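Hello,

Here is the structure for you to take over. My notes on helix packing and aromatic pairs follow below it.

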Amino acid sequence: MNIKPNYIKLSEIISDNTAVSLLLLFAISLLFRIILINTIDTDKIAPDGVTYHNIAVNIAKGNGMSADKKEPFEKYYFREPLYPAFLAVVYSAYSITGGNYSYIENYNVESMQYDSQFHKEILFGKYIQALVVALSVLVFFLTISIKINK
């Protein structure tokens, strides 16, 4: 018994009009996120964001999953490791482009403000996340298109 899988060709789903729609959808979703990043609370970060950031810096520096800023770097098990690992990869990529990353030292819990002029790696991370969100919008659109066209 020979069973062939039922493949859907991408060309069956994406016509020329759909390709233009995908490009437009991607551009709008990316532009929307970039506008939000650059206009709303540009120097604020939630308290747990500081923890995620400092863990990511430690991972990128090879100190492991720790929120400590000085030795000994004790393991921090309260946060899930995937997001800090993602940020560590982003920060490492940022350092390859000539930037640097460091711990958030001066943070005001009440106003949720940090020294944004010294932490451009956070802005870079927000841009990368905007790109990921824009790509996920396309994946969602294509998934819906496949389900509708079946």
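Aromatic pairs and a helix crossing

At 16% relative accessibility, Y101 counts as buried. Please keep in mind that the model is predicted.

Y91 is also buried, at 3% relative accessibility. Y91 and Y101 form an aromatic pair, with 6.3 Å centre to centre and 25° between the planes. The pair is classed as stacked because the planes are under 30 degrees apart. It links distant parts of the chain: Y91 belongs to helix 4, while Y101 lies in the loop between helix 4 and strand 1 (107-108), 10 residues apart.

The count of aromatic pairs comes to 5. Another of them joins Y76 and F78, edge-to-face, at 6.4 Å centre to centre and 80° between the planes. Here Y76 is partly exposed, with a relative accessible area of 25%, and F78 is exposed at 61%. Y52, Y83 and F86 form one aromatic cluster.

Y91 also takes part in the contact between helix 3 and helix 4. The axes of helix 3 (residues 47-61) and helix 4 (residues 82-96) come within 8 Å and cross at roughly 60°, which makes helix 3 oblique to helix 4. The crossing is right-handed. Helix 3 contributes Y52, H53, I55, A56, V57, I59 and A60, and helix 4 contributes Y83, P84, A85, L87, A88, Y91 and S92. By class, this contact has 12 nonpolar and 2 polar residues, and no charged ones.

Regards

Definitions and conventions. Residues numbered from 1 in each chain as written. Predicted model: local features only at pLDDT ≥ 70, side-chain atom pairs only at ≥ 80, totals over all residues. Heavy atoms only, no water. Axes fitted to C-alpha atoms, helices over the stretch in contact; angles between N-to-C directions. Helix = DSSP H or I, 4+ residues; strand = E, 2+ residues; numbered from the N terminus. Parallel < 35°, antiparallel > 145°, perpendicular 65-115°, else oblique. Left-handed = near helix turned anticlockwise from the far one by under 90°. Contact = heavy atoms within 4.5 Å. Nonpolar A, V, L, I, M, F, W, Y, C, P; charged D, E, K, R; others polar. Phe/Tyr/Trp six-rings, centres within 6.5 Å; stacked < 30°, edge-to-face > 60°. Buried < 20%, exposed > 50% of the residue type's maximum accessible area, 1.4 Å probe, protein only.
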